[in-house]
Amino acid sequence: MVARPAPGPPSSGRLHVLPAPSEMDDEALVEGLRRQEPQAQAAFCRRFAEPVYRTLLRILGRAQDADDLRQEVLLRALRGGGRIREPAALVGWVRTITVRVARTELRRRAARRWLRLLPPEELPHPASHDDPGDDDVEAMRALYRILDELSASDRTLFALRFIDGLEVTAVAVACELSRTTAKRRLARVEQRVRRLAASEPALKAWVEEERS
């Protein structure tokens, strides 16, 4: 807690105790974001910088991309803070913004891969090669090779559910789907990933475990 003198005569001896930014609860945080208070904005960034990074990393599979895009997610959230009405919705709202940014990046990647197949004279802009991922575990590399074959939406669903470990309801909220639709699509994408994983030696143990 941060203790500051209360407004009024110094002789009053009263202290007005304000919560430190890191101690703001969801209600105070949401209200502060609505008012665009710097203290609330700082507390918001401190609280969500790491969770946003982790979600981006699990969807995108590249530490550099996750680090670059974390700032974009936080800035979008701060700009839209006035739209939050219910403190209980704060975490899901931030996760939804994170998913939108991640899906946009995945679609950009797909476009860049497509552009690199064109003759140089037909490229609208120079194509830049993506930096290699930081994953040092072959199984994860194999998994992300498979995820590269999925659509942005399917990849996001799979990463949130099976890599980030979210419950189906939370996945549905983040991806702006009904729970029924999310569950149906998750079953479909899980089946496809499992089928593709069967051809990856590094994922053989996982496939066999799932079958047993």
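Two rings of Phe, Tyr or Trp form a pair if their centres lie within 6.5 Å. Planes under 30 degrees apart count as stacked, over 60 as edge-to-face, and the rest as tilted. By this rule the count comes to 2 aromatic pairs. The model is predicted.

**The two pairs**

| Pair | Centre distance | Plane angle | Class |
|---|---|---|---|
| Phe 44 and Phe 48 | 4.9 Å | 40 degrees | tilted |
| Phe 158 and Phe 162 | 4.9 Å | 40 degrees | tilted |

Why is the pair of Phe 44 and Phe 48 tilted? Its planes stand at 40 degrees, so the pair falls in the tilted class. Both residues belong to helix H2, which spans residues 38–60. They are 4 residues apart, about one turn of the helix. Phe 44 and Phe 48 are both buried.

Phe 158 and Phe 162 lie in helix H6, residues 152–163. Here too the spacing is 4 residues, about one helical turn. Is Phe 158 buried or exposed? Phe 158 has a relative accessible area of 3%, so it is buried. Phe 162 has a relative accessible area of 36% and is partly exposed. Arg 161 lies over the face of Phe 162, at 5.8 Å from the ring centre.

**Confidence**

The protein chain has a mean pLDDT of 77, and 72% of its residues reach 70 or more. Helix H7 (residues 168–174) is highest, at 95. Strand E1 (residues 2–5) is lowest, at a mean of 38. Over residues 1–22 pLDDT stays under 50; the model has 24 contacts beyond four places in sequence for them. Residues 114–136 also stay under 50, with 22 such contacts.

Conventions. Residues numbered from 1 in each chain as written. Predicted model: local features only at pLDDT ≥ 70, side-chain atom pairs only at ≥ 80, totals over all residues. Heavy atoms only, no water. Phe/Tyr/Trp six-rings, centres within 6.5 Å; stacked < 30°, edge-to-face > 60°. Helix = DSSP H or I, 4+ residues; strand = E, 2+ residues; numbered from the N terminus. Buried < 20%, exposed > 50% of the residue type's maximum accessible area, 1.4 Å probe, protein only. Lys NZ or Arg CZ within 6 Å of the ring centre and 35° of its normal. pLDDT = per-residue confidence, 0-100. Contact = heavy atoms within 4.5 Å.
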